[in-house]
Amino acid sequence: MQLTKHKYIRIAGIVIVLLVILILIGGYIAYSKREAILEKELAKTELKAKKDYNLNITIGSASFTGLSTVAFSDITIIPDGRDSLLKIDKLSITVKLMPLILGEVKLSDVVLETGHLNLTDSDKVKNFDFLFRKKKDSTATTSKTNLADLANNLINQFLYKIPDNLDLKNFLITFKGDSSSIKMLTTTASIQNGILTSNIIVDGGAATWHFVGKMHPSDKEIDVKLYADGKKIELPVLENKFKTKFSFDTVSTRLAKVKRAGDETQIYGSWSVSNLLINNPRLSENDIIVPSASINANVFVGPNYISLDSSSVIHIKNIAANPYIKYTLSPVKIYELKLNTGWINAQDLFNSCPTGLFQTFQGIQVAGKLNYSLNFYLNASDPDDVQFNSQLNKQNFKILKFGKTDLTKLNRPFLQQPYEVKSQPSPFIVGPQNPDFTPLSDIPVDTRNAVMTSEDPSFYTNNGFVEESIRKSIATDFKKKKFSRGGSTISMQLIRNTFLDRNKNLARKVEEILIVWMIENNNLMSKDRMLEVYFNIVEFGYHIYGIGPAARYYFGKTPSQLTLGESIYLASILPNPKAGLYAFQPDGTLRPGLHGYFNLIGNLMAGHGKAQRDSNAYGFYDVRLKESLRRGVANIDTAKIDSLMQQNDEDNGAVPVIEPEKKLTFFQRLFGKKDTTDNKKVVKKEKHSTVVDYGNGIQIDTAGKTKKEIRQEKRALKQQQKELDKENNPGG
C-alpha cells in the first residue's frame with residue numbers, strides 16, 4: 001500500500017516536471033520570437049486604426065526590455081486632415097503574465113515621460129470626432145446593441161487598463177475651441193500600492209489641481225477626489241462655450257461595485273461635491289451655491305434601457321430624497337421620472353434650498369413636516385397620454401415668520417411696479433386710494449366669467465394648479481420640440497406679476513410654484529381677493545394695467561358698463577396684451593378672425609350656465625373701439641397687421657398682435673372641443689364690409705381688395721388652417 005502511494009507521488013512529480021519543461025520550452029520559443037510577434041501586432045494595430053478610424057499612427061521604436069515589458073518611443077497619432085492628436089516621447093508598459101496566459105490583458109506598470117494630448121474644435125472641425133463615428137462592419141447584423149453587455153465591457157476594459165502602478169511625468173492636455181481654450185500640465189502622477197497622487201498645473205500656473213485617492217482597478221474599486229490649492233476648481237471652457245459659470249471646492253467619486261445580475265449590468269457608486277457654484281441665465285439670474293450635495297447612485301443598465309434605481313439617495317444639506325430615472329431606447333423611447341422625499345422637517349427643506357435660488361424664502365421660519373412626490377411617464381409614440389403627478393403634502397405645517405417677502409402683502413393696499421424692457425411704467429397703488437381700483441363687486445359677472453373661462457376655468461375649485469393643463473402643455477411642448485405652451489393658472493399669473501420679476505428661468509418658475517402653494521394651501525388669501533387683485537394689475541395693453549384703465553382706454557367706459565362682447569374681447573388679448581389695439585379694423589369693429597374665438601368662449605360659458613346661448617357670436621358684432629383710437633388703427637395697412645400677427649413676445653417692447661386662430665387652437669387643446677361654427681362658406685354683408693366665413697374663425701373681408709389680394713389672403717389662411725389641423729391631429 002505504502003509502495004503504491006509513493007508510486008503515484010513519483011508519477012505526479014514526473015508529470016509536473018514535464019509540464020514545467022514544456023512551459024519553459026514554449027516560453028523560450030515565444031521569447032525568441034516575441035520581437036517578430038510584437039512587430040506583427042503593431043502593424044495590425046496601425047492598419048486597423050487607419051481603416052476603421054482614419055488615424056495615422058507612427059511609432060519610432062518598440063521593443064521588449066523585460067519578460068513582459070514593452071518600451072515605445074516617439075509615438076504620434078494624427079487623424080486624416082486634422083491637427084495632431086497625440087504625441088508621446090517615451091512609454092513603457094508591463095503586462096501581468098498570469099492573466100495574459102488566461103487570455104486577459106491587465107497592466108501591471110506604466111511609465112510615461114513627456115506627452116501631449118491636443119484636442120481641437122475649430123470651425124466645427126474636431127480632431128477627435130472619430131470617437132463619435134460608428135465603425136464600419138461588413139459582418140454587422142440588424143440586431144440592436146445590448147446596452148448591458150456594452151456597459152459591462154466598457155467598465156471592465158476601462159478598469160483593466162488602469163495599471164496597478166503608474167509613473168507619469170510632464171503630460172500636457174490642451175483644448176482649443178473657437179471661443180475657449182485650456183491647458184493642463186500633469187507634472188507628476190503616480191499610483192503606488194493603490195494610492196493615487198498627482199500635480200496638475202492649469203493654464204500656466206493660474207491654478208494647481210490635485211487628483212488623489214485610492215485606486216484598486218483589479219478589484220473594481222475607485223475612490224478619488226479632485227481639488228485645487230487654495231481656491232475653487234473653475235472650468236472657464238464651460239463658461240465660454242455654454243455661458244455657464246461652474247466651480248466647486250472638491251468633487252469626489254467612488255465606484256464600489258460592478259456586477260452582472262441577469263440581463264442587467266449593475267453599477268454601485270457615489271458622487272459628492274462641496275461648495276458647488278453654478279450660474280446660467282436659464283437656471284437663475286443669480287449664482288446658485290450648494291454647500292454640500294451627494295448621491296449614492298445605483299445605476300442599472302439593461303439590454304435597451306439605462307436607469308437610476310430608486311434605491312439611490314440624493315442628499316442636499318439636511319434633506320434626502322429617493323430618485324428613480326429610467327430611459328428606454330427601444331422599441332420606442334420612454335421617459336420615466338419619480339422622486340420621493342418621505343416626511344421631512346419643513347424647516348430643513350427651506351434651510352437646504354441652495355443660495356441664490358429662491359429670494360422670497362430667505363430667512364423664513366416654519367414648523368411641521370412636508371412630503372414631496374413626483375411621478376412622470378412619457379411614451380414618445382403617444383405623448384398625449386403623458387402621466388404627470390406632483391404633490392407637496394403637509395403635516396401640521398405652519399409659517400412662523402415670513403422671510404424676505406411677506407406673502408400676505410396682497411391682502412392690503414400695496415405698491416405695484418409693472419415691468420417693461422424699454423420703458424418703465426410708473427408704479428401704482430392697488431387699493432381704494434387709487435381711483436382706477438375696481439372692487440370685485442364692481443366687475444360684471446360676464447367679465448369675470450369670460451376671463452376665467454379663457455385663463456383658468458376651475459379657478460375657484462383648484463388649489464393653484466391644474467395638472468390636466470400641465471399634462472397637455474408637456475405633450476404639446478414635446479411634440480413641437482420647444483416650450484410653446486404654458487399651464488399657468490390665474491393664481492400663478494398673479495404671483496408672477498406681483499412677487500417676481502420677468503426673468504424667464506427655471507428658478508423663477510419653481511419659486512412661482514412654491515409661492516402659489518404656500519398661499520393656496522395655507523389660506524393666506526381668499527379666492528375673491530386673488531381675483532380682485534388680478535383684475536387690477538393684469539396687463540391689457542401697452543402701459544395699461546387693470547380692468548379700470550382697460551375699459552376706459554378701449555371703450556370709454558367704466559368696468560361696470562362692460563358688455564359680454566367687450567368682456568370676451570378683453571379676455572382674448574390677455575395672452576398678448578400689446579396686440580389688443582390691432583384686433584380692430586379702422587371703423588372700430590373687430591377683425592373677422594376673432595369671430596371663432598367669441599363663439600368658442602361664449603359656448604363654453606353657456607355650457608356651464610354662465611351665459612345665454614347666442615347664435616350671433618356673443619356680442620362680437622356689437623364691440624366698437626373708442627373713436628379717438630380708430631385713427632391709429634386706420635394708419636396701419638393689412639399687410640403690416642398680418643406681419644405683426646406673427647409676433648408673440650410680451651417682453652421685447654414691440655407691439656405684437658395675437659393670432660386669433662392660434663388662440664382658438666389653445667382652447668381646443670385645453671378643453672378637448674372644436675369650434676361650433678359652420679364650415680360652409682357664408683357671405684355675410686355688413687355696413688362696411690363683405691365677410692366670407694370659412695369656419696373655425698378663418699374669414700376674409702373682401703371689401704376694397706383686389707382679386708390678387710384676396711387670393712393671397714386665401715392662400716395664407718389655408719396654410720394657417722393646415723398648420724392648425726396638423727397641430728390638432730399630428731398623426732392624421
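Residues are numbered from 1 along each chain as its sequence is written, and side-chain values use heavy atoms, without hydrogens or water. In this predicted model, local features need pLDDT of at least 70 and side-chain atom pairs pLDDT 80 or more, whereas totals for chains, interfaces and linings use all residues.

The whole structure holds 16 aromatic pairs (Phe, Tyr or six-membered Trp rings with centres within 6.5 Å; planes under 30 degrees apart are stacked, over 60 edge-to-face, the rest tilted). Phe246 and Phe248 are edge-to-face, because their ring centres lie 5.9 Å apart with the planes at 75°. Phe248 is buried at 6% relative accessible area, while Phe246 is partly exposed at 24% (buried, under 20%; exposed, over 50%; partly exposed, in between; 1.4 Å probe, protein chains only).

Phe397 and Trp517 are likewise edge-to-face, with centres 5.7 Å apart and planes at 65°. Phe397 belongs to strand S22 (residues 387–401) and Trp517 to helix H9, so this pair ties together parts 120 residues apart in sequence (DSSP runs numbered from the N terminus: helices, H or I, at least four residues; strands, E, at least two). Phe397 is buried at 8% relative accessibility, as is Trp517 at 7%. Tyr553, Tyr554, Phe555, Tyr569 and Phe584 form one aromatic cluster.

Charged groups also meet rings: the charged end of Lys257 sits over Tyr268, 4.7 Å from the ring centre, and that of Lys326 over Tyr305, at 4.3 Å (NZ of Lys or CZ of Arg within 6 Å of the ring centre and within 35 degrees of the ring normal). Helix H9 (residues 506–521) also contains Val510, which is partly exposed at 31% relative accessibility.
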